[in-house]
Amino acid sequence: MTATTETAANAGPDAPNAPETPGHDRTDLHAPVVDWFDKHARDLPWRRPEAGAWGVMVSEFMLQQTPVNRVLPVYEQWLERWPRPADLAAEPPGEAVRAWGRLGYPRRALRLHGAAAAIAERHGGDVPVKHAQLLALPGVGEYTAAAVASFAYGQRHAVLDTNVRRVFARAVSGRQYPPNATTAAERKLARALVPEDDATAARWAAATMELGALVCTARGPECDRCPIADRCAWLLAGSPAHEGPPRRTQSYAGTDRQVRGRLLAVLRESHGPVPQATLDRVWQDRVQRARALDGLVADGLVEPLEGGLYRLPLS
């Protein structure tokens with residue numbers, strides 16, 4: 001649902017710890033992972049049949065770089081207010097930003113609004129079924145298109161998020177962590193691991209994601225609970241420590257992201273234009289505050305008006 005430019009060390013085909021080739025048969029992973037998922041999957045609203053494709057799409061936008069517990073209340077309010085794409089498309093984009101609340105990365109709200117408008121205009125208000133049509137929607141990338149096609153329509157796609165990448169890195173490639181940025185080798189491996197039939201493939205996509213979220217976590221993997229611990233390459237190799245460039249951690253306090261969030265909070269709470277003087281009280285550093293506000297305007301999240309006023313976008 002979060003991107004850096006770090007590449008994998010030793011990523012050549014003959015390098016140590018390189019991902020296994022797609023020809024390597026790891027179909028023995030399918031049954032235990034899917035069986036584990038059938039018993040331990042969380043009951044999440046976007047997994048219920050009534051969520052439909054729109055509910056799945058909304059969840060995928062919201063879950064990017066945001067934990068489930070923060071998404072749940074916003075997701076439920078969102079679907080109650082906008083149960084269909086056309087309902088959201090009929091509102092100004094600023095209302096999507098307002099309803100996004102404190103989920104972070106609010107450009108996702110604008111992208112979801114843009115996707116809803118395209119669905120209403122091009123597809124009669126129904127989330128398209130075909131992967132290519134999903135991928136053609138504004139704001140929808142390869143991951144989101146594959147996730148919606150798989151989770152909403154039960155299609156066979158490689159769905160590769162951070163959790164899945166970590167499971168594959170450990171279980172198949174013998175590494176503690178995947179590269180910070182998704183590589184072509186990872187995509188090739190993921191495609192090779194997808195089960196042949198659609199139903200199992202869709203279940204496998206959800207199951208590997210859940211395994212990474214609940215068991216094969218980044219900081220504290222619970223290998224004693226893992227259904228594939230007896231065949232995990234990383235565990236069988238003695239759980240070797242991560243090699244290569246240090247993994248980057250994201251900070252928030254004092255960053256432009258924090259300033260942007262505070263500026264947007266003021267605008268969300270106001271139902272009319274906000275004067276510059278009100279925004280000036282949000283952050284003491286004048287230069288950083290101006291930079292953050294300019295960035296919000298450039299991203300289309302804030303609309304400047306005459307007289308030094310600002311508001312959420314209406315179009």
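Residues are numbered from 1 along each chain as its sequence is written, and side-chain values rest on heavy atoms, with hydrogens and water left out. Because the model is predicted, local features require pLDDT of at least 70 and side-chain atom pairs count only at pLDDT 80 or more, whereas totals for chains, interfaces and linings use all residues.

Aromatic contacts were considered among the rings of Phe, Tyr and Trp (for Trp, its six-membered ring), which pair if their centres lie within 6.5 Å; planes under 30 degrees apart count as stacked, over 60 as edge-to-face and the rest as tilted. By this rule there are 4 aromatic pairs. The ring centres of Trp46 and Tyr75 lie 5.0 Å apart with planes at 80°, so this pair is edge-to-face. Helices (H or I, at least four residues) and strands (E, at least two) are DSSP runs, numbered from the N terminus. In these terms, Trp46 belongs to the loop between helix H1 (30–40) and helix H2 (52–62), while Tyr75 belongs to helix H3 (residues 68–81); the pair thus links distant parts of the chain, 29 residues apart. Both Trp46 and Tyr75 are buried, where buried means under 20% relative accessible area, exposed over 50% and partly exposed in between (1.4 Å probe, protein chains only).

For Phe168 and Trp204, the ring centres are 6.0 Å apart and the planes are at 15°, so the pair is stacked. Phe168 lies in helix H9 (residues 162–171) and Trp204 in helix H11 (residues 198–214), so parts 36 residues apart in sequence are tied together. Phe168 is buried at 6% relative accessibility, and Trp204 is likewise buried, at 4%. One aromatic cluster is formed by Trp78, Trp82 and Trp100.

Salt bridges (a side-chain nitrogen of Lys or Arg within 4 Å of a carboxyl oxygen of Asp or Glu) number 17 in the model. Asp38 forms one with Arg203, with the closest N and O atoms 2.9 Å apart. Asp38 lies in helix H1 and Arg203 in helix H11, so the pair ties together parts 165 residues apart in sequence. Asp38 is partly exposed at 47% relative accessible area, as is Arg203 at 36%. Helix H11 also holds Glu210, whose partner Arg42 lies in the loop between H1 and H2, 168 residues apart. The closest N and O atoms of Glu210 and Arg42 are 2.8 Å apart. Glu210 is buried at 1%, whereas Arg42 is partly exposed at 29%. A further salt bridge joins Asp43 and Arg48 (3.1 Å, N to O); Asp43 is exposed at 59% and Arg48 partly exposed at 32%. Arg81, Glu91, Glu95 and Arg98 are linked in a network of salt bridges.

Two strands pair if DSSP finds at least two bridges between them. An open sheet is formed by 3 strands in the order E1-E3-E2, with antiparallel pairing. Strand E1 (274–275) and strand E2 (303–305) stand at the edges with a single partner strand each, so one side of each is left without a neighbour in the sheet. E2 is joined to strand E3 (residues 309–311) by 3 bridges, and Leu305 has Leu309 in E3 as its bridge partner.
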